[in-house]
Amino acid sequence: MLLTTAQYRIEEYVGQFKQVQEVENLEKGGVVEELAQELLKQIPSRNFVKEFEYIHDPNPGEADGLLFFEDSYWVAEVKSHPIFRKIPGSVELIKSRFTHKVTRAADQIQNTIDYLDSLDDEFGLVYNLTGNKNTSEMNTGGIVILDGFLPTLYSGNARADQQLGMGDIHDHIPEHERIVVITLYDLYQLIQEDETNLFNEFLLWRTGYEGNMPVWGFSEREYWAFYFDNYRPNDEFRKGVEEAAKKDIITVYISKRFNDKSHLQDIKNRNSNESW
């Protein structure tokens, strides 16, 4: 409860003081972007490029980061301005702001991918950053990193997201485009896990269902646990998940890995012993 309500409580507190809001507006974006970039650097990869800028382009642009693996690269966009500011009682406004930030980030991601595609030199930038592959040989995708403690409002399943009020994102992003939306907090949690060296593999699975993701989890930690604890190690389970995707069957998943409450039982046992 403390974690999931922290952002709301912080924004309520900040909202009471104009001076604090002014400082936050000036400083917070840069701090969150820097934190996100430091986390991305810790993911085992072929290359990480921080603050990538287009050159010799009629429409100058930039990306917050490029993460290169052996067979894919991912454009990272960080959106740090608070989604909950001044709207504590309106879920619809939260959805609207979330949609705006994600679709804007998705546009920036696609612009960067298009720019890299346009660099048609056979042994150019992408080839040098990956070590041996050109853009046409790589999977491409985007990582949208949001500030705050937010649930996964963009699951990757068009039907489920439509019911949640996130259908506009699916209308905006073509199904074949690989986009994952993650909070800074979830990204931090995932790079602490033992499977971080398989981050690329997870991203390709997470974004590979073209609008028909068969799993719904509260956060990206749940998708991570689903993939590594169930899907990846079990062939039969994997076949069942793929069949569910074909039939548009959605499984709501709560992981043991990130939801272990054994400490509560320990507290109960301790109190029982003390009562004796």
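## A pocket and a helix

Helix H2 (18-41), strand E2 (62-68), strand E3 (72-79) and helix H3 (91-118) each give at least two residues to the lining of the second largest pocket. Helices (H or I, at least four residues) and strands (E, at least two) are DSSP runs, numbered from the N terminus.

The model here is predicted, with local features needing pLDDT of at least 70 and side-chain atom pairs pLDDT 80 or more, while totals for chains, interfaces and linings use all residues. Residues are numbered from 1 along each chain as its sequence is written, and side-chain values use heavy atoms, leaving out hydrogens and water.

Back to that pocket: a pocket is an open set of points on a 1 Å grid over the protein atoms alone, where a 1.4 Å probe fits, with protein on both sides within 12 Å along at least five of seven lines, and its lining residues have an atom within 4 Å of a point. H3 supplies the largest share of the lining, four residues. Of the 14 lining residues, Val78, Lys79, Ser80, His81 and Arg104 sit nearest the centre.

| H10 residues | State |
|---|---|
| Val241, Ala244, Ala245 | buried (under 20%) |
| Glu236, Lys239, Lys246 | exposed (over 50%) |

Val241, Ala244 and Ala245 are the buried ones. They span an arc of only 100 degrees around the axis, which puts them on the same side of H10; the arc is taken from the directions from the helix axis to the C-beta atoms. The buried residues pack against helix H9 (220-231), contact being heavy atoms within 4.5 Å.

Note on methods. Buried means under 20% relative accessible area, exposed over 50%, partly exposed in between (1.4 Å probe, protein chains only).
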